[in-house]
Structure formats: structure tokens, C-alpha cells
Amino acid sequence: MVENTHQINPDHWVDEYSDYLFNYAIVRVNDREIAKDLISETFLAGLRSKKYFKGEATERTWLISILKRKIIDHYRKINSKKGQAEVKINYTDEDQEGDWLEEKVADNFEQSAEDNLVNNELGAAIYDCLDKINPKHAKIFKMKTIDNFDTEVICNEFNITPSNLWVIIHRARTALAECMEEKWFK
Amino acid sequence: MNSENPDKKYCNCTDAGCYCDKAQYNEAADWELEKLVSHLDKCPKCQEYTERNKKLTELCKKAELTSLKEEERKELKKLLQENLKNK
């Protein structure tokens, strides 16, 4: 029998899950603004359906399942718009007859779908490991490594000295490297 | 951790770890890198840490991690709060 131990607490969603969800979305839609909108929609859908949360999965897993649906909806919308656009295209030049506009658009994807998938799984593994370490250390590591904040800015924000910051970074990196050895390399 | 001690040639493992971390962010001074290199010549434990640390840096770069800006986070919180009130 599955124990329904997981609780739902929307007050913590942004702090705890927004970066994870954002990374998940951005790899799939490749657009920061769209990814942001999808996160907003996911949280709102989560609020609307929180009464259905049974506690069998973690909040994060549950929110990811909502986000997945939102991403699918997003692509459905794009495809239906693209269909409409295709109908409206008029070929003015006879030589162009039969050439779809899409065929002329350069393929601007620098990464393959496989690369994206691996990177997304890697990102998920890093976020999983970040969840397991001291929250303050995780936050400082994120600010330094992901957001590229200056040491001084982080020190001011947390009211710590640069020496303290490097001690925290050292502990975070040691714990993360250990966790990634388990999660990623084994 | 010792943040500035350019005179002595060698450092201990704690300092070496710190210099190695700083190097991952390109924030290690030349004298810190020199001390780290000297230390690594004779410390297998720190060699191992350095390898792991470099691997972690590579993984973070490869994952192309990104995060929401503070104002974007605030907007999301506001949106959630407003909708929670209306429930």
C-alpha cells in the first residue's frame, strides 16, 4: 500500500520548484518568456487542482506532470497556428509553387534532441542533489554558479565575509560532487 | 580559510580546496594558483578533490542551468498569492 505522506504547500512552490521547473521547460521550448509563462500556468493549474493531490507523489513530481501537459498544449497551439498560416500562404511566383515556407527557414537548432534530453536529465540530477544539501549552501551555490553573481553581492545579501562564502561554496561543491558521483556516474 | 598569504610557498589542504574552488570561478589569484599547484604535487587527496571539482564544473556548464531572476520570482509569488486569496 502506498503511503500518502507528501503534503501540498503552494506558499513554497516558487522558492522550491520554480528553478527546477524553469530548467525543465526552457530545454523543451527554447524560449525564456514562453518557459516563464508555462511555469505561471503550471502553478495556477496546480492551485486549481490541488484538491486532487493525493500525496502519493512529491509536490515536484506532481507539478512536473502538470508542466508536461502545459508544454504539450503549447506545441499543439503552435501547430494549429502553423496550420492556419500555411493555408494563408499564397505563392505569387510560379517557380515557387510547391515550396513551403517552412522549407526555406534555416534550421537554427544548435543542439540535437538527444543533447537536449541528456542536458535536461543532467540538470534534473544537479537540482536533485541541490535539494539534498543545506538549503543556504544550495542557494549560495546557485547564486554563484548558475546566476553568476559577484562574490561581493552574495556576501552583502547573506551578510557574510568572502572567507565564509568560500567555505560554504567548498561544502556545497563537496556534497554536490559526491551526490553526482552517485546519481550521474554510477 | 586563509584568503591572503602570498609569502609562504605551500598551503594546507583546506586552503588548497578553497583555491581550487576559486579557480572554478576564475577568481583565484596567481599566487593562490601557484600554491595550489605546489600542494597538488604532493597531496593525492587534494588531487582527487580537484578532479571531482573540475568534473562538477564541467557538468554544471554542460547542463546549461539557468534560473529565474529575482523580479521574475517575485512576480510568480505575487500571482500565486493573488490566486490563493481568491480561492
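1. How much of chain B, with its 87 residues, counts as buried? The share is 26%, where a buried residue has 20 or more other C-beta atoms within 10 Å of its own, an exposed one has 12 or fewer, and a partly exposed one falls in between, with C-beta atoms placed from the backbone. A word on the ground rules: this is a predicted model, in which local features need pLDDT of at least 70 and side-chain atom pairs count only at pLDDT 80 or more, while totals for chains, interfaces and linings use all residues. Residues are numbered from 1 along each chain as its sequence is written, and chains are lettered from A and ligands numbered from 1 in the order in which they are written.

2. Chain B has four helices and zero strands, giving the pattern α-α-α-α along the sequence. Helices (H or I, at least four residues) and strands (E, at least two) are DSSP runs, numbered from the N terminus. Among chain B contacts between residues at least 6 apart in sequence, 51% join residues at least 24 apart; a contact here has C-beta atoms, placed from the backbone, within 7 Å.

3. Now to where the chains meet. The contact takes 29 residues from chain B and 35 residues from chain A. On the chain B side, helix H1 (13-24), helix H3 (44-63) and helix H4 (70-85) each supply at least two residues, and H4(B) gives the most, with eight residues. That side of chain B divides into 13 nonpolar, six polar and ten charged residues. In this count Ala, Val, Leu, Ile, Met, Phe, Trp, Tyr, Cys and Pro are nonpolar, Asp, Glu, Lys and Arg are charged, and the others, Gly among them, are polar.

4. Chain A is divided into domain 1 (1-90) and domain 2 (133-186), with bounds from an automatic or database domain assignment. Their C-alpha centres lie 28 Å apart.

5. The largest nonpolar core has 45 residues, and A:Leu21, A:Phe22, A:Ala25, A:Ile39, A:Ile126, A:Ile140 and A:Ile169 touch the most other members. Such a core is a set of buried Ala, Val, Leu, Ile, Met, Phe, Trp, Tyr and Cys residues joined through C-beta atoms within 7 Å. H1(A) gives the most to this core, with ten residues. Both domains of chain A give residues to this core, so it lies between them. As for A:Ile169, leaving aside its neighbours within four places in sequence, its contacts are A:Ile140, A:Phe141, A:Lys144 and B:Asp21.

6. Helix H2 of chain A is worth a look. The buried residues of H2(A) are A:Ala35, A:Leu38, A:Ile39, A:Thr42, A:Phe43 and A:Gly46. They cover an arc of only 135° around the axis, which puts them on the same side of H2(A); the arc is that of the directions from the helix axis to the C-beta atoms. The face turned away from that buried side carries the exposed residues A:Glu33 and A:Arg48.

7. Helix H6 of chain A can be read in a similar way. A:His137, A:Ile140, A:Phe141, A:Lys144 and A:Thr145 are the buried residues of H6(A). They share one side of H6(A), because their arc around the axis is only 115°. On the other side, A:Pro135 and A:Lys136 are exposed. Just after H6(A), A:Asn148 takes a positive phi of about 55°.

8. Lastly, A:Val153 lies in helix H7 (residues 151-158) of chain A. A:Val153 counts as exposed because it has 12 C-beta neighbours inside 10 Å.

Definitions and conventions. Two residues are in contact if their C-beta atoms, placed from the backbone, lie within 7 Å.
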